[in-house]
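Hi,

Here is the structure I promised to pass on. Have a look at it first, and then read my notes below.

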Amino acid sequence: MPATPAPPHLLLLLMGLVLVPSLAATQPRAFGGGPPGYARYLLDATAMPAVEQYDYIVVGGGTAGCPLAATLAGPGGGRVLLLERGGAPSEFPALATAGGFVRTLAMADPAPESDAPAQAFTSEDGVPNVRARVLGGGTAINAGFYSRAHPGWFLGHGEGAGVTNWDMRLVNASYEWVERQLTFQPTVHGWQAAVRAALLEANVTPWNGFTVDHVAGTKVGATTFDASGRRHSAADLLAFARPGRLRVALRATVTNIITGPVDPASHRGRFPQPAVGAIGVVYQDRLLEQHQALLRPGGEVILCAGALGSPQLLLLSGIGPASDLSYVGIPVSADVPDVGKHMFDNPRNGISIVPSVPIDHSLIQVVGIPSANGTASYLEAASYIVPLAPTLSSSDPFIGPSSPLYVTVATIMEKVPGPLSEGSLWLASTNPLESPALRFNYLSRPEDLARCVMGLRRVAEVLESRALDGFRSAVGSMNRRGPVRRDFRTIGTQLPVDWRTNDMALASYCQQTVATLWHYHGGCVAGKVVDRDFRVFGVRALRVVDASIFSETPGTNPQATILMMGRYVGLKMIEERHSRRPVRTPP
């Protein structure tokens, strides 16, 4: 596919998702109105007591942790402490709107002591990445796209994988509870509308309209940005906790899970019981003062710290491969060999262009799903406006010396489902504020590489569609037969000219340009680290409920399913709390 490359200074500026510190898609507006409904539950960790007891201690106020804590502190629940290492979303105005998405990622700071809501890290593969460091987790910093898991995901994470056989009635009720509070139907126009038409022209059919379900073809998914453009995050769900039952400590970094021997007299049932159990956690505030949160009798610690944070905290607490823990001098509490193993990240590859006409800022709204069972790459698109750097200097009286020149970038990308390629995570430091070391081994499995090749070919076919002709360069080329179809002004590495037939060249392109869509998962995989009730093997009163238990990403985007899982597990735990008496799902 012929293309006109952008000038070199654009290439430096706009690699990947154009992540440089000066970027801002638009000026984000601050959160409007009064304080959020959950503000009454928030405390800085410095104001927390040195020692206190709770029925449930939830570590990580992110995508799963917030709905889980709200549910456990709701009808039939108990006293809940939610510990979040970051601040509140309202402290960071850029998070409030879609316009701040690129800026938030651009300003991601790897420094452990930073207060930025996004923490940058780079895997051993050399691929830059980001993890959330704010109440609401990924839902507070992401692109807001919401779509449920593909149906086969629940079968793959059912009995054969060692996790609970999903109660699909409760799964759907939990999805619906989240959707009533957080999701909206977006208005599709501009670049997203053009991509929708291009996907259909490229035979990613049928057209399914707006739906939260995972169905083959082209569809519009839900968004967590409302009609006014304001973001809604998992933190909003905390408002559903009962007053007096929930406490949320901000800037509270958990350093250790406190474990102790289990009294043999307390063993129940016929099966072997864990020899150790969680009895609380140690956390530090921003002044590095230590606090203890302890469990009441029958209480539980639930890790919701994400695919990096949960396995990292288990390892720091002596729960993991005994040989690895001994090597770094950490006393072993429980030998769980697969903690930190089976790490996955879905590869992203795509093409970015500078369109010839102005287009709106848009995050992912339209998605192409060539296969309903998750065996073919998903197709997505975005557009954003970024300023060139440095700013212009001009003698024109209407252009001041600080006026930047803005450029619009539009991207079409493919995301490899699964994936099958896996890596591992390990402690680079015993400092819980630092990100662990990890390697994903992107595209190391031939099946993933083959899917990337087919996905990129579909991206090229979408770009070839007539629906996108209006975004081609204003100037075309000529040959002896006359005008040639105008080219795209592309950014970065060009697709091979023989992309239709040369699988090897496309495979090389996949490997050279691989990036992340921030959907990494694993490290506490179900059936290997946690059982079918999300309990950590070998440790009583300790569960993990987040993306670290996944061995496969659920559908096009994991956000919906992680939110659902927080609600789902919370209701299941309340049911357990009340023995065999079922708990009615509140409306």
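**What I found**

Of the 587 residues in the chain, 58% are buried, meaning under 20% relative accessible area with a 1.4 Å probe and protein chains only (over 50% is exposed, and in between is partly exposed). Before you go further: this is a predicted model, so local features need pLDDT of at least 70 and side-chain atom pairs count only at pLDDT 80 or more, while totals for chains, interfaces and linings use all residues. Residues are numbered from 1 along each chain as its sequence is written, and side-chain values use heavy atoms, with hydrogens and water left out.

The chain has eleven helices and 30 strands; these are DSSP runs numbered from the N terminus, with helices being H or I of at least four residues and strands E of at least two. Contact here means heavy atoms within 4.5 Å. Among contacts between residues at least 6 apart in sequence, 74% join residues at least 24 apart.

**Helix H11 and its partners**

H11 (residues 559-577) meets helix H5 (residues 168-182), with axes that come within 8 Å and cross at roughly 120°. That makes H5 oblique to H11. For the terms, angles under 35 degrees are roughly parallel, over 145 roughly antiparallel, 65 to 115 roughly perpendicular, and the rest oblique. Axes are lines fitted to C-alpha atoms, for helices over the stretch in contact, and the angles run from 0 to 180 degrees between N-to-C directions. On the H5 side the contact includes Tyr175 and Trp177, and on the H11 side Met564 and Tyr568 are among those taking part. By class, the residues of this contact are eleven nonpolar, two polar and two charged. Nonpolar covers Ala, Val, Leu, Ile, Met, Phe, Trp, Tyr, Cys and Pro, charged covers Asp, Glu, Lys and Arg, and the others, Gly among them, are polar.

Helix H2 (residues 65-72) also packs on H11, at an angle of about 25° and with the axes 7 Å apart. H2 and H11 are therefore roughly parallel to each other. Pro67, Leu68, Thr71 and Leu72 of H2 make this contact, with H11 residues including Gly566, Gly570 and Ile574. The contact of H2 with H11 has eight nonpolar, three polar and one charged residues.

**The cores**

Which residues touch the most other members of the largest nonpolar core? Trp191, Leu246, Tyr283, Leu314, Leu468 and Leu542 do, out of 139 residues. H11 gives the most to this core, with ten residues. Another core, of 24 residues, lies apart from it and has Leu95, Ala118, Val130 and Phe225 among its members. A nonpolar core is a set of buried Ala, Val, Leu, Ile, Met, Phe, Trp, Tyr and Cys residues joined through side-chain atoms within 4.5 Å.

**Two spots to look at**

Helix H7 (residues 306-316) is mostly covered, with ten of its eleven residues buried. Leu314 is one of the buried residues; leaving aside neighbours within four places in sequence, Leu314 is in contact with Ile257, Leu303, Ile319, Val339, Cys524, Val529, Leu542 and Val544. After H7 comes Gly318, with a positive phi near 80°.

Ala381 sits in strand E20 (residues 378-387) and counts as buried because its relative accessibility is 0%. The C-alpha atoms of Ala381 and Arg196 are separated by 9.4 Å, with the two residues 185 apart along the chain.
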